[in-house]
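Subject: Structure handover

Hello,

Here is the structure I promised to pass on. Please open it alongside this message; my notes follow below.

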Amino acid sequence: MIKDHLYEEKNNFVHHSMLPSKKEQTGGISQDMLLDQDIESQYRYIDQLCQTQTVSDDEMKVLFMAEHPQVLEYLYQKARKVREAHYGNKVYTRGLIEFTNYCRNNCYYCGIRRDNLHAERYRLSEEEICKCADEGYVLGFRTFVLQGGEDGAYTKKSLGNVIRRIKTSHPDCAVTLSFGEWDYETYQYWHECGADRYLLRHETADPMHYQKLHPKQMQFSHRMKCINELKEIGYQVGAGFMVGSPGQTPDMLVQDLRYLQSLQPDMAGIGPFIPHKDTPFAQEKAGTLSMTLKLLAIVRLMFPKILLPATTALNTISPKGRESGILAGANVIMPNLSPLQVRQKYMLYDHKVSTGGESAQCWHDLEKSMRDIGCEICIGRGDSLMHKN
């Protein structure tokens with residue numbers, strides 16, 4: 001039975017004591033012995049992830065079950081060290097511009113779904129979007145994320161013009177689009193206009209689960225096709241999934257991680273599912289902080305060079321969610337640059353935060369919060385290292 005373990009990493013020592021003893025017996029083997037065996041396995045699988053960037057499916061599910069505080073801190077510490085090996089203590093910022101909350105889709109989990117008649121809709125004009133980018137540039141942002149529902153009011157050419165204007169005014173900046181599913185020609189046109197990156201979360205890599213989250217008009221195969229086309233065109237591509245979405249199982253989470261292994265994205269957006277009161281999933285339970293942090297750390301160990309945001313959703317379910325995400329291996333934050341009068345209207349889930357530390361205008365607060373955990377906000381585009389030697 002495990003008593004004490006000393007794990008050495010370079011010059012750092014982390015002490016791990018055994019769990020409190022339990023009296024019950026199982027088949028002649030005490031419960032604390034079984035727990036200790038699980039803990040031993042979890043440490044071993046964490047080390048294996050660090051060394052080889054993979055473990056078996058069953059071993060991955062053992063890591064999902066990790067609950068002992070010292071095991072979790074060991075996992076997060078490893079993730080931080082891997083991140084620091086490639087990115088140092090830098091945290092990259094992206095200025096988020098939520099330019100429309102109209103959407104043609106009816107995803108069951110989303111607060112701006114087409115059939116939510118309670119949503120107060122808005123669209124930003126070309127001038128308003130560019131003004132947000134101009135303000136963000138002065139604040140210090142060098143990446144702008146244009147995010148919106150799939151709103152056909154923005155044509156291929158009109159959004160292309162916005163991209164061109166931002167890139168012309170700020171040629172040292174990157175433009176990221178997070179605007180859903182479109183055809184190949186549209187994606188290619190926006191890339192030619194200057195869009196550098198595209199975020200399109202796959203949400204789940206299990207086709208049956210995908211259909212539980214979306215109406216039949218939305219097809220898993222089409223989502224995958226779009227992600228593949230974005231990569232073919234030459235975008236830095238971001239995928240990702242919700243943690244704790246309705247019907248999700250450990251096997252599905254493994255599928256998500258295997259899909260990311262096959263895709264090798266530049267970015268991965270991983271955040272907790274949070275219900276919205278005006279959706280079919282209003283009564284579903286939210287994903288947990290603990291599981292989300294575990295997934296962030298595991299993804300960091302599997303993809304040492306990936307760009308990994310500490311999402312707004314993470315900061316919504318916990319007052320220190322953003323900092324916890326960074327301490328678990330994330331290295332990107334996305335403060336909000338949208339006009340103040342529309343921020344509360346882009347409500348993907350209940351209680352979404354968009355002020356305070358989530359506001360781009362609170363730059364000094366962001367700097368302080370990162371310094372307090374030993375990190376430094378980086379002024380720069382913060383391009384992915386995934387496909388660089």
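A definition to begin with: buried means under 20% relative accessible area, exposed means over 50%, and partly exposed lies in between (1.4 Å probe, protein chains only). This is a predicted model, in which local features need pLDDT of at least 70 and side-chain atom pairs count only at pLDDT 80 or more, while totals for chains, interfaces and linings use all residues. Residues are numbered from 1 along each chain as its sequence is written, and side-chain values use heavy atoms, with hydrogens and water left out.

The chain overall

The chain has 389 residues, and 58% of them are buried. Its secondary structure comes to 14 helices and 13 strands. These are DSSP runs numbered from the N terminus (helices: H or I, at least four residues; strands: E, at least two). Take contacts with a separation of 6 or more: 73% of them join residues 24 or more positions apart. Contact here means heavy atoms within 4.5 Å. The chain exposes about 16,700 Å², and carbon and sulfur atoms supply 52% of that. The area comes from the Shrake-Rupley method with a 1.4 Å probe; for residues, only the protein chains shown count as cover.

Salt bridges

Side chains of opposite charge can pair when their charged atoms come close. A salt bridge puts a side-chain nitrogen of Lys or Arg within 4 Å of a carboxyl oxygen of Asp or Glu. The structure holds 24 of them.

Start with Arg197 and Asp383, whose side chains meet at 2.8 Å, N to O. This pair links distant parts of the chain: Arg197 is in strand 9 (residues 197-199), Asp383 is in the segment after strand 13 (376-378), and 186 residues separate them. Both Arg197 and Asp383 are buried. They also belong to a network of salt bridges with Lys167, Asp196 and Arg381.

Next, Arg165 and Glu126 form a salt bridge, with the closest N and O atoms 2.9 Å apart. Arg165 lies in helix 5 (residues 156-169) and Glu126 in helix 4 (residues 126-139), so the pair ties together parts 39 residues apart in sequence. Arg165 is partly exposed at 30%, and Glu126 is partly exposed at 27%.

Last, Lys61 and Asp58 meet at 3.7 Å, N to O. Both lie in helix 2 (residues 57-64), three residues apart, about one turn of the helix. Lys61 is partly exposed at 22%, whereas Asp58 is exposed at 54%.

Cavities

A cavity is a set of points, on a 1 Å grid over the protein atoms alone, where a 1.4 Å probe fits but cannot get out; lining residues have an atom within 4 Å of a point. Grid points are joined across faces, edges and corners, and a volume is the space filled by probe spheres set on the points. The count is three cavities of 30 Å³ or more.

Strand 11 gives the largest share of the lining, five residues. By class, the lining has 27 nonpolar, 13 polar and eight charged residues. Ala, Val, Leu, Ile, Met, Phe, Trp, Tyr, Cys and Pro count as nonpolar, Asp, Glu, Lys and Arg as charged, and the others, Gly among them, as polar.

Best wishes

Conventions:
On a 1 Å grid over the protein atoms alone, a cavity is a set of points where a 1.4 Å probe fits but cannot get out, and a pocket is an open set with protein on both sides within 12 Å along at least five of seven lines; lining residues have an atom within 4 Å of a point.
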